[in-house]
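Open the model in your viewer and keep the selection tool ready. We will go from stop to stop.

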Amino acid sequence: LVMVFYGSNGKSNPVSMENKVEHQAKNQTTYDIHLPSDLGMLYKVRLGLQSLENSISPLSLRHFKMQNTSTLDTFSLTINKTLPLSLNGDRWIEFPVEWPLKEALSVVTYHLTVFSRNILSERNLVHMTACIYGTHGDTGDRSLLQSLQNVQQGEDNESFLVIMDAVELGKLEKVVLLISSKTDCKLDIKKLHLKEAEKKHPIYVFEVNEAFSVDANKPEIQREIPISSVIRGDEQKKDIDNNLHKEGSQARNLTEYTIKVYTGDKRGAGTDANVHIILFGNEDRSEVFQLSQSLEHQDPFERGKVDTFKIKTKKLGSLHSIEIGHDGKGYASGWFLEKVEITDASRNSVYCFNCNR
């Protein structure tokens, strides 16, 4: 059993429920946990089963109560759910933390539709998760192939629906896919559609358009996919008709940039702050990208390390400058940035921006 705590200043690492307090009542277990002091006001708890084995035995959760031993602030909630959830095989549940005189967020059911070519035929050999990010945090890694609904298969197109409950995410920002496999295969993923179950629109579109080669010896593949477009109202019918060829032009206007960030090898060079970047070209400028999911390191921007990020955005032309910075979050957040190298896949060009400060 693992918990993740979300506060106004960020979230905790997964907390494993191992340190049991000695005195236990029947059907009740108490744990002592230590959270970072800079999480701020807690607003959400994610609770789940870490194991990915299908044979895991169900866990019935009746009630949750937590108390800050310093302030004696106490929060309790009746859950009455069993993990994994029988409806869709999800191994995580989320609930908002409610405090007096402060409006709590609500739990929302999200529908994630995956459009692909061959995932359904490979689903028993592949492990694939998605983590959805919004202004109110993220869903954590949720399994996409556990229990599928609304499965549709054509000659060259297929789609399936994944249902997940999460404390409302606010304005949606991106999806991070994690893909691994027990054997050699290639997964061709076209795009993802994401919306709230109770609303017909807006539908958030995440263009992927990539074939992923995976095998048992390869590390997990990770892709960060920003929002490509938003379908509102009368645009919806056109897209449900699955006119994928009409959307191809939009995909062709996107290009992938590989961003390598070099942190200097000096004392105190690393940072735990949130780093963002904007790219400027002679044709356009990109939106703001948060550089949070390094392809090499779980904890990016450490002393003497190189972190690689992949982003997709509209074609910007020849790059001439970047804006890169951070939010100053965390203890000793100062960061010594050596340089940034950016590769434009569509132009086969590499740009180097030296900083050395």
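Select residues 59-67, strand β5, and residues 74-83, strand β6. They pair in the antiparallel sense over eight bridges. Strands here are DSSP runs (E, at least two residues), numbered from the N terminus, and two strands pair if DSSP finds at least two bridges between them. Now pick Met66; its bridge partner in β6 is Phe75.

A note on what you see. This is a predicted model, where local features need pLDDT of at least 70, side-chain atom pairs count only at pLDDT 80 or more, and totals for chains, interfaces and linings use all residues. Residues are numbered from 1 along each chain as its sequence is written, and side-chain values use heavy atoms, with hydrogens and water left out.

Next, show the open sheet of six strands, in the order β12-β13-β8-β15-β16-β18. Its pairing is antiparallel. Find the edges: β12 (149-153) and β18 (229-231) each pair on one side only. Inside this order, select β8 (residues 107-116) and β15 (residues 185-196), which pair over seven bridges. Leu112 stands opposite Leu194 in β15.

Last stop: Gln222, in strand β17 (residues 221-226). Is Gln222 buried or exposed? Gln222 counts as buried because its relative accessibility is 17%; buried means under 20% relative accessible area, exposed over 50%, partly exposed in between (1.4 Å probe, protein chains only). Show its contacts (heavy atoms within 4.5 Å). Beyond neighbours within four places in sequence, they include Val176, Leu178 and Gln293.

Methods: Helices (H or I, at least four residues) and strands (E, at least two) are DSSP runs, numbered from the N terminus.
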